[in-house]
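Me: I am new to this structure and would like to learn how to read it. Please take me through a few features.

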Amino acid sequence: MGSEKRILIERLQKDWKKYWDLDFFKENNFLRKKCKNCGKFFWTLDPDTELCGDSSCVPYSFLGNPPTKKKLDYIETWKTIEKFFVKNGHQSIKRYPTICRWYPLFFTVAGIVDFYRIANNKITFEFPANPVILSQPCLRFNDIPNVGITGRHNTCFDMIQQSSLWDGKNGYWKDKCIELDFRLLTEAFGIKKEDITFIEDAWIGYGAFGYSLEYFVKGLETGNAVFTEFEGDLNKFSTLKEKVIDMGAGQQRLCWLTQGTPTNYDVMYGPVMEKMKTKSGIKYDEKFFLEYSKYSGVLNMDEVVDMKAEMAKVAKILGVSTENLMEKIQPLVALYSIADHSKALLYALSDGGLPSNVGGGYNLRVIFRRALNFLEKLNYPFDIEWVIEEHAKYLKKIEPELMENLGHVNQILDIEKKKYKETKSKMKSTLESLIENKTELNDEKLIELYDSQGITPEILQETADKYDVKVKIPADFYAKVTEKHLQEKRGKEEEKVDVSGTPKTKKLYYDNEKLYEFKAKVLKVECENIVLDQTLFYPRGGGQEPDHGSINDCEVYDVEPYDNVIFHRVKNPNFKVGDIVVGKIDSKRREQIVKHHTATHLVNMSARILLGNHVWQAGSKKDVDKAHLDITHYENLTEEQTRKIEKFINNMIKKKVKVKKEVLKRSVAEQKYGFVIYQGGSIPETTLRIISIHGIDSEACAGLHVDNTEEIEEVFIFNTKKMQDGVIRIEYVAGKELVRETRERIKTEKKLEEEHLEKKQREIEEQKGKIKKLKEKSKSLFGVNYVDTEDMKEIETIAQESVKEDSTKCSIIIGNGVVFGIRGKDCKEDVLNTVKEIAKVMGGSAGGSGNEFKGGGPLKNKGREAFEKFKSQKL
Ligand SMILES: [Zn+2]
Ligand SMILES: [Zn+2]
């Protein structure tokens, strides 16, 4: 538990009546108790219980003995919950994508994330209905090594999200929430009242926090109701005007409870797990596994420091050796992991995710590789594609789009599999060399290996064991990786310029994007930095380069925004604060940049339509001479794909499509156009400017655009390249004039390049011929010899070739102003001294090390003389 959370709980518990003593508890005579084992406070109707009910305090007692009236299938579980909440006034809504585009997270890690937004540097909530219920598929990657082992950890699971906004009038607050959850368990599921405990806990988020009640049934956490009441941090906070009920419950937990199977994996995939077991033909001791499962709840890497020691403890209870325990559970751990990972991949890829080396793509790559490793190791007679298809078939009733996206998902996995095979052998050798070089494998290095090459701690451990090298893998390895990337996504703090006291600059450029002259009052002159009360100059932002132009005939060479104050950088400003000035925009530059900007939207749209919905903008730049768009895609584009995209764009230009610009409330924009509007990432504003082309492409964008696609005239893609694994750059130009120029430039460049290549080739051939001749000439030139040349390379070759013939001899070749000596590897003569003497004759000196020595001097005509002097030198 984080120390911040501990402090918060301690503080809240001093005033526990205010936070946890619900009317609902009083009316129903609940008792508040302190757990004898862990010391947590909890609420119960059972006067005899002394334990809180958490799995670390009581073992799973529902296994083989479910506390409910009837067994429910996975989808039936959701239907039962949905029916109950809808009957009680909730609106049931469709799930959100598992790839999170509306908030700075890579994945939808919890149901409440659907409603998270940011505005004014803090978290806000966007509820599509109030109160609301849904089943949200979530992806989490910090528990990867626990998956399959503890019986309850998953990378992919569905979270039941019950939420309500409470402003004092609409929605409801904590009493009603707990009453509903209690009734759900007792009425809809038929669980005995005494079997349910509520544990006091707390929650701290990004700029908001609250307290909670986690509820447990027979050792299993079945839900967590968070009451988000405060905004700010622990040191400075205020009560939210609209308080938030955030109750999240694992759908598989409730389903598991009704079936009492050894693990939650046995129930959460419908019939898929049974099919996998049959097809794999695995045999395992069912009774033993059930016993193991009862204690596996304590096996959790987050809380347990030493996994091996914990496994040993469980093994001892079960009366087997640790090795024997691992052997017995391994085949099932593999099946469960494969089922989990393939479901995660199905959702993620279907929602536009892509395995890669960037962002959240790492996680998808790692689970795919982990699943492949299990399949390989245990030699199961099926592949991941089959498991994925079985998942899609089962989920078809509630998620038909998964089935429709199967082709796309398989195509991506196929390429990913090839990449894995290619890198696998490389991976092993990388590790081996690290171990051989005794590189310290600290946490940082482990994360780097994981990030740069997808080397998981599991694979590392395997190789390290082979070398008998100890590697300490941190228990919270994946959590560390996740945290690192989260920080990356939140981004670095922007350069801070103090603009307090300076009024916001009125932006005139949105009113009329084709106006190029304006008048304004000067508010600030700081060296070359000018602030006006209003401006037509578009500042650098969103990949769009700034306008240039003039203010009172002084050149404006850059424009940058800081917190809505626009700074114009002006050469030698000849005006002062209070002056009324005339600003003029370089219209040619602006028009060209604007063409590039709208063209960028067209490139993005066409790429997504032609390549698949995994294509997202990963970055862009719109300059005056060219533009580029980085897209998420798995391999560089072929010439055919490039021309197809180009053709598609130019068709949109020919069709003269209107470009619609509108300002909408964020919630309205999301509902109208979907999350595809967040091409540039999530936006911390409550209103968005939306640019729509033909109703096919709509993006939130603060840049400037043409009014009709015909203004772009033409687009030419002159290059595409792979920037890193998973990111492809498309470079292009727009506008007839620039397209023509660029085509010509590219043509000339290509021609020059070809000529250059030809020349290079010719030179290589010539060199080859020369060396061949020299070789023939140089046969057995031992002792001191003379060649009529000034070329050091030439005499070097002759000498080297000579001693190859006989390694007991040496060869010194004198040229005009140059000398080279070499000693065969079995020759002990003092060659250096002679070479030095020869160089001296030519007015210079010599040196060298090992067996090769060279020298020379400015007196080129003394070469022959030196030869005459030394030719009979005994060597
Ligand atoms: Zn306890
Ligand atoms: Zn844009």
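**Reading the model**

Reply: Start with one residue: Lys83 is exposed, with a relative accessible area of 64%. Exposed means over 50% relative accessible area, buried under 20%, and partly exposed in between (1.4 Å probe, protein chains only). This is a predicted model, where local features need pLDDT of at least 70 and side-chain atom pairs count only at pLDDT 80 or more, while totals for chains, interfaces and linings use all residues. Residues are numbered from 1 along each chain as its sequence is written, chains are lettered from A and ligands numbered from 1 in the order in which they are written, and side-chain values use heavy atoms, with hydrogens and water left out.

Me: Which helix does Lys83 lie in?

Reply: Helices (H or I, at least four residues) and strands (E, at least two) are DSSP runs, numbered from the N terminus. Lys83 belongs to helix α4, residues 74-87.

Me: How do I read strand pairing, and which strands pair with β11?

Reply: Two strands pair if DSSP finds at least two bridges between them. Strand β7 (residues 156-166) pairs with β11 (residues 237-250) in the antiparallel sense over eight bridges; there, Trp166 has Lys243 as its bridge partner. Strand β10 (residues 220-232) also runs antiparallel to β11, joined by eight bridges, and Val226 is partnered by Asp246. A hairpin of four residues links β10 to β11.

Me: How many helices and strands are there in the protein?

Reply: The protein has 24 helices and 31 strands. Of its 875 residues, 54% are buried.
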